[in-house]
Structures are given as C-alpha cells and as structure tokens.
Amino acid sequence: PILASAHENGCICLWRIQGNLVKELLPFSKHPSVPLTALCTDISSKMLLAGSKEGHIMRWSIASFLEDPQNSKNQIKEELCWRAHSNEVVDLFHEEEKNVVVTASIDGSVRLWHAMNGYYLGYFGQPRKFDLSDISRLILPCDVNNIPTIIKEESKHMEKKKMFEYPLVLDRDK
C-alpha cells in the first residue's frame, strides 16, 4: 500500500506505510506551484486526482507505477489539468461508475466534471438534470475561462528536481 500526501509547496509525496518516501511529484504547470488542498483516487487506484488552492484539478495515471514502484520505466504520468473553480478546491471525489469527478470549492459551489477530458457537466442546484451522455461539447462555468489542458507524455516537468541554491555575490567591479 502507498499513502499520498499533498503539501503547501504543491508537491505530492508518495509514502510506504512504514514511513519511507517513495516518490515526490510536482504538477506540470506554466504557473508557479500552489498549495494542494485535496486528494483522491478512483476505487482501483489507477488515477490520482488533486485539487489546488487556485481551483485547478490535476489527474495522474498511477496504475503502472503502483504495480512495480522499483521499476524506473513505470512512471506516474500527469494526463490532464483543468480549472474547476475560481477559488480553492476543498474536496473532490471520483465516481467510477459514471466516470465523473465531483469538486467542491470554498465558495460553496459543487460541480460535476467528466473524468477523462475535464469537461464541465453542471453544478449541484442547477434547474436542469445532469446530462452525462453528451460529453463531446466543451462548456465552461461562468467563472472559469480556461479549457482543460492535456499533458503530453513527453512532458518531464512533473518529477521534483533537486534544487541548487546559488547565493548572491556582490561584484564590486561591476
């Protein structure tokens, strides 16, 4: 068994139950890392979902990694990122039978998304029933204007790199 923890620096740590760190991940993003506020997996632990303080949802494929974490060929692949709310995500879960992700924000909104493409399906309290059959139309909630981003496999920015500190040095000649 592996335990996942989300951190203030935007990093996800995967741990063995004995307390050993297995892997550190940073979401692939064009924005600086922001605190992660929610985590969940599907029932079979094939995907890992994370929500951020800025309202983003990120999805990783973790199935091959969990089968054999020692094999370096079995990587965790970030597959999708989308803006779900304009405020902090406080909770999320994946409903496997319908293949939807339910997200909740600090603003009190609860929204429904298609898990595979990040398309918006509606919000709890809307006057119409959810239409889960039509997932081909890209619609967005009124406070979100970013379309979901599919992360290409060749993107290698998600593994946390060792950072080097370079102190500032005063050069009096310049």
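The model is a predicted one, in which local features need pLDDT of at least 70 and side-chain atom pairs count only at pLDDT 80 or more, while totals for chains, interfaces and linings use all residues. Residues are numbered from 1 along each chain as its sequence is written, and side-chain values use heavy atoms, with hydrogens and water left out.

Four strands form an open sheet in the order E8-E9-E10-E11, and their pairing is antiparallel; strands here are DSSP runs (E, at least two residues) numbered from the N terminus, and two of them pair if DSSP finds at least two bridges between them. The edges are strand E8 (89–95) and strand E11 (120–123), each of which pairs on one side only. From one strand to the next the twist averages 20 degrees, where axes are lines fitted to C-alpha atoms and angles run from 0 to 180 degrees between N-to-C directions. Within this sheet, strand E9 (residues 100–105) and strand E10 (residues 110–114) are joined in the antiparallel sense over 5 bridges, and Ala-104 stands opposite Val-110 in E10.

A search of the whole structure finds 1 salt bridge, a term that requires a side-chain nitrogen of Lys or Arg within 4 Å of a carboxyl oxygen of Asp or Glu. Glu-79 forms this contact with Arg-59, their closest N and O atoms lying 2.8 Å apart. The pair links distant parts of the chain, since Glu-79 belongs to strand E7 (residues 77–83) and Arg-59 to strand E6 (residues 56–61), 20 residues apart. Arg-59 is buried, with a relative accessible area of 6%, whereas Glu-79 is partly exposed at 28%; buried means under 20%, exposed over 50%, and partly exposed in between, using a 1.4 Å probe and protein chains only.
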